[in-house]
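Reader: Hey, I've got a structure open and would like to talk it through. Can you walk me around it?

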Amino acid sequence: MKQVEDSEILEKFANERTKNEAFNLLLNKYQQKVYWHVRRMVIDHDDADDLVQDVFVKVWKYLGNFRSDSQLYTWLYRIATNECITFLNKKKQKNNISLDEVSYDLADKLSDSTYFSGDKIQRKLQQALLTLPDKQRLVFNMKYYDDLKYEEISEITGTSVGALKASFHLAVKKIESFLLNND
Amino acid sequence: MDLNNINEDWKKDAPNLAAMEAANPFTVPNNYFEKLREQLSARITIESIAGSEIEGAFIIPDGYFENLGEQIISRAHLEDLKEENTGNGFSVPEHYFEDLAGNITSRIKVEELAAVTSNNESFSVPEGYFDKLHQNILAKTTEAEPAKVINIKQRSTNWIRYAAAACITAMIGTGIFLNYSPKEDSDINSALSKIPDTEIVNYLQVNSSLGDSEAIMEQLAETGIQPAINNEFTEDEIESYLETTL
């Protein structure tokens, strides 16, 4: 199925009569990408579901203000990333727990999650990722799973390419160490 | 590790990680993404209505907030008055509420009965009545012949003539009637002739009025009858009597 161009989506969204059609096209093209990006951050499916809906509701509200100075999907990823960071920060503030404790909480959800089909190694990898800081985890996920370019990740996170490279490098080392030292 | 070649060098620095397939270990419920689309459409519709930035989504009357304070104060005073006044100022007839239920029930039955009877007409009309009625009315109104016109002036002139003749006849008859009564006179004279003269005189002396004295004297002079004068009365007595009676 041929993917519709972002320009066509934006053009139809600008027209009141075709606005709904444009939004459906946008959902068809990006909803899974956005979902997995969020899911990998929050682990739990229900939490991811809530956040994804919040993301696309914001997209509906502000897509009319989108300036084509960046790619549409980087704009979507930026919204999704901010929602994830906000969610995780609220989790810490609400429960008055440290970042490490948040990681433990997510790891527990990983263990209890019905919607995890990975093997032992995959589970171990996810546990390794949960030991990383949230923004570092974000960078790793976008690079490792989504295979985005550093320039694109820079647009999404607002971080320089060099910092992103360094962050990814550190993340890789930590994960490798975790895999080697944990059964 | 050269950051410039980081995209590939990391695999050398993390062989275990590089050996792992970059597969997605997470799953979703069946048909999740199809349902997600529907949920998003519904939620966006709700957001559009609830969070509408269009002015006038909710409309309030002009000057609402300016008058709101006064209305609240008035309402509060009214509530205070209600608490002060135990009665509501109105009264109802005695046993009104006790009888109200029965009255309502009766009225309902009456209205139901009226509704039933109105559907069944108890009166009937001949067949084709209403069809002919229309024609009959027209025949008596717009299609009727003009009435015969009688000159009122001629009739009134004849009536006057007849009335005048009747009046003249009545006048003549009345005049004749008033001036003629012979039989009555003859009847009186015949009756008086049978009565003796002395009795007539005695009657007149007892029952005569003051004006009759002259008429009596004339009558005595014509008949030659001299009344008997009682010699027991003196001339002074007679003279005093005459002074009182004349």
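Predicted model: local features only at pLDDT ≥ 70, side-chain atom pairs only at ≥ 80, totals over all residues.

Reader: Good to know. What's the secondary structure of chain A, in helices and strands?
Author: Chain A has 9 helices and 0 strands. Reading from the N terminus, the order is α-α-α-α-α-α-α-α-α.

Reader: And how many helices and strands in chain B?
Author: Chain B comes to 11 helices and 0 strands.

Reader: OK, back to chain A. What share of its contacts with a separation of 6 or more is between residues 24 or more positions apart?
Author: That share is 59% in chain A.

Reader: Let's do the core. Which residues of the largest nonpolar core touch the most other members?
Author: Those are A:Val34, A:Val38, A:Val52, A:Val139 and A:Ile175, out of 49 residues in that core.

Reader: Which helices supply at least two residues each?
Author: In chain A, α1, α2, α3 (45-62), α4 (72-95), α6 (120-129), α7 (134-144), α8 (150-157) and α9 (161-181) each do that. The largest share comes from α2(A), with 8 residues.

Reader: Pick A:Val139. What does it touch, leaving out residues up to four places away in sequence?
Author: A:Val139 touches A:Ile153, A:Thr157, A:Leu164, A:Ser167, A:Phe168 and A:Ala171 on that count.

Reader: And A:Tyr144, is that buried or exposed?
Author: A:Tyr144 lies in helix α7 of chain A. It has 20 C-beta neighbours inside 10 Å, so A:Tyr144 counts as buried; the cut-off for buried is 20 or more.

Reader: Switching to helix packing. At what angle do α1 and α2 of chain A pack?
Author: Helix α1 (residues 6-14) and helix α2 (residues 19-42) of chain A pack at about 150°, and their axes are 7 Å apart. Angles over 145 degrees count as roughly antiparallel, and α1(A) and α2(A) are therefore roughly antiparallel to each other. The crossing of α1(A) past α2(A) is left-handed.

Reader: Which residues make that contact?
Author: From α1(A) there are A:Ile9, A:Lys12 and A:Phe13, and from α2(A) there are A:Lys19, A:Glu21, A:Ala22, A:Phe23, A:Leu25 and A:Leu26. By class, the contact of α1(A) with α2(A) has 6 nonpolar, no polar and 3 charged residues.

Reader: What about α8 and α9 in chain A, at what angle do they cross?
Author: The axes of α8(A) and α9(A) cross at roughly 105° and come within 9 Å. Those two helices are therefore roughly perpendicular to each other. The contact uses A:Tyr150, A:Glu151, A:Ile153 and A:Ser154 of α8(A), together with A:Val161, A:Leu164 and A:Lys165 of α9(A). By class, that contact of α8(A) with α9(A) has 4 nonpolar, 1 polar and 2 charged residues.

Reader: Now the two chains together. How many residues does each put into the contact?
Author: Chain B gives 24 residues and chain A gives 32 residues. On the chain B side, α1 (6-13), α2 (15-19) and α3 (32-50) each supply at least two residues. The largest share of that side, 8 residues, comes from α3(B). By class, the side of chain B that touches chain A has 16 nonpolar, 4 polar and 4 charged residues.

Methods. Residues numbered from 1 in each chain as written. Chains lettered and ligands numbered in written order. Axes fitted to C-alpha atoms, helices over the stretch in contact; angles between N-to-C directions. Helix = DSSP H or I, 4+ residues; strand = E, 2+ residues; numbered from the N terminus. Parallel < 35°, antiparallel > 145°, perpendicular 65-115°, else oblique. Left-handed = near helix turned anticlockwise from the far one by under 90°. Contact = placed C-beta atoms within 7 Å. Nonpolar A, V, L, I, M, F, W, Y, C, P; charged D, E, K, R; others polar. Core = buried A, V, L, I, M, F, W, Y, C linked by C-beta atoms within 7 Å. Buried ≥ 20, exposed ≤ 12 C-beta atoms within 10 Å, placed from the backbone.
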